[in-house]
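Please examine the following structure with its sequence at hand.

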Amino acid sequence: QNAVSRVNRIGNIFRNKEGQLLDFETRPHWKQIYNDENRYLVVMTSRQIGKSTFQATQILYEMLSTRGASILLANAKEAQSKKFRQQSLLPQIFRNPKLQRAAFGKKSINNAEMMKLSNGSTLYLEHIGTSADSARGSSAPTIIVDEVQDIPRENLDVIMESAASFPKDSKYRFTGTCKDDRNIMYQLFLDTCQFEWIIPCASCNEDNPPIGMEHIDLEREYLFCSHCKEPIDTLKGRWVAQNPKCKRVGYRIPRLIDLNTVWRNGAD
């Protein structure tokens with residue numbers, strides 16, 4: 001399976017929360033991330049930008065494509081685990097009859113703590129709270145931690161030990177929203193190659209720095225070049241590592257690169 005076929009297969013099987021095909025045309029920044037099979041992956045995003053759909057489709061794709069896969073998904077709170085299971089994970093299965101038949105059958109399990117598919121692949125859902133003891137749970141080669149910003153560092157270290165028995169096969173994926181530059185989510189991103197979505201300017205031919213507030217004005221309906229102030233097209237960006245020597249992979253997805261983002265104040 002090459003990278004292209006992986007994202008194509010995911011796009012053909014799964015849907016977004018509206019039940020439509022995953023949109024990689026107006027959200028091209030997601031394509032490389034869906035393709036990325038690095039053993040250590042950090043995805044730091046703004047809210048409501050597709051993170052939960054990414055997690056759900058990646059988990060189910062790995063469970064369905066690998067017989068006997070074992071994955072541990074950890075959230076900070078029970079409510080977060082419940083919401084992800086009910087609003088992101090299960091809908092991906094139940095909105096597709098073929099997928100439902102492939103997933104659930106004899107010997108399958110589907111409850112708040114475990115999802116075991118017919119092919120023997122198992123997902124353990126845990127909430128690891130604020131006590132380090134709550135993070136001591138099931139052993140699995142693939143560790144996925146969502147909403148990392150709400151988890152204490154010591155708990156994160158404990159949950160990573162759940163893959164210690166699989167030194168050659170262990171995989172880690174961390175996703176969440178950065179609250180500030182002291183938060184664990186931001187610190188994890190800094191300890192990666194730091195992929196940023198870099199957008200070239202069609203007017204001055206200069207690459208822009210990573211997208212931030214310097215690229216917007218409430219009186220303008222578009223992102224503008226930090227060099228010449230002309231409009232820039234988020235669809236034309238590409239991922240560029242800011243710390244290329246680091247082997248750990250991390251992506252930052254700011255809300256401003258999503259075409260559905262509105263930042264104007266409504267004034268004409």
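This is a predicted model: local features need pLDDT of at least 70, side-chain atom pairs count only at pLDDT 80 or more; totals for chains, interfaces and linings use all residues.

**A guided reading of the model**

K107 lies in the loop between α5 (97-103) and β3 (109-110). Most residues other than glycine have a negative phi.

A positive phi is also found at K229, again near 70 degrees and again in a residue other than glycine. K229 is located in the loop between β8 and β9. Its relative accessibility is 39%, so K229 counts as partly exposed.

The loop between β8 (195-198) and β9 (238-241) also holds F224. Is F224 buried or exposed? The relative accessible area of F224 is 6%, and because the limit for a buried residue is under 20%, F224 is buried. Leaving aside residues up to four places away in sequence, F224 touches N208, E214, H215, I216, D217, K229, E230, P231 and I232. I151, by comparison, is 73 residues from F224 in sequence, and the two C-alpha atoms are 36 Å apart in space.

Apart from residues up to four places away in sequence, S70 touches T122, Y124, S139, A140, P141 and T142.

Attention may now turn to a pair of helices. The axes of helix α3 (residues 51-65) and helix α4 (residues 78-94) come within 9 Å and cross at roughly 50 degrees. That angle makes α3 oblique to α4. The crossing of the two helices is right-handed. On the side of α3, the residues that meet α4 are S52, T53, Q55, A56, T57, I59 and L60, and their partners in α4 are F84, S88, L89, Q92 and I93. Sorted by class, this contact has six nonpolar, six polar and no charged residues.

The mean pLDDT of the chain is 88, and 93% of its residues reach 70 or more. Over residues 264-268, however, pLDDT stays under 50, and the model has seven contacts beyond four places in sequence for these residues.

Note on methods: Residues are numbered from 1 along each chain as its sequence is written. Side-chain values use heavy atoms; hydrogens and water are left out. pLDDT is the predictor's confidence in each residue, from 0 to 100. Contact means heavy atoms within 4.5 Å. Axes are lines fitted to C-alpha atoms, for helices over the stretch in contact, and angles run from 0 to 180 degrees between N-to-C directions. Helices (H or I, at least four residues) and strands (E, at least two) are DSSP runs, numbered from the N terminus. Angles under 35 degrees count as roughly parallel, over 145 as roughly antiparallel, 65 to 115 as roughly perpendicular and the rest as oblique. A crossing is left-handed if the near helix is turned anticlockwise from the far one by less than a right angle, and right-handed if clockwise. Ala, Val, Leu, Ile, Met, Phe, Trp, Tyr, Cys and Pro count as nonpolar, Asp, Glu, Lys and Arg as charged, and the others, Gly among them, as polar. Buried means under 20% relative accessible area, exposed over 50%, partly exposed in between (1.4 Å probe, protein chains only).
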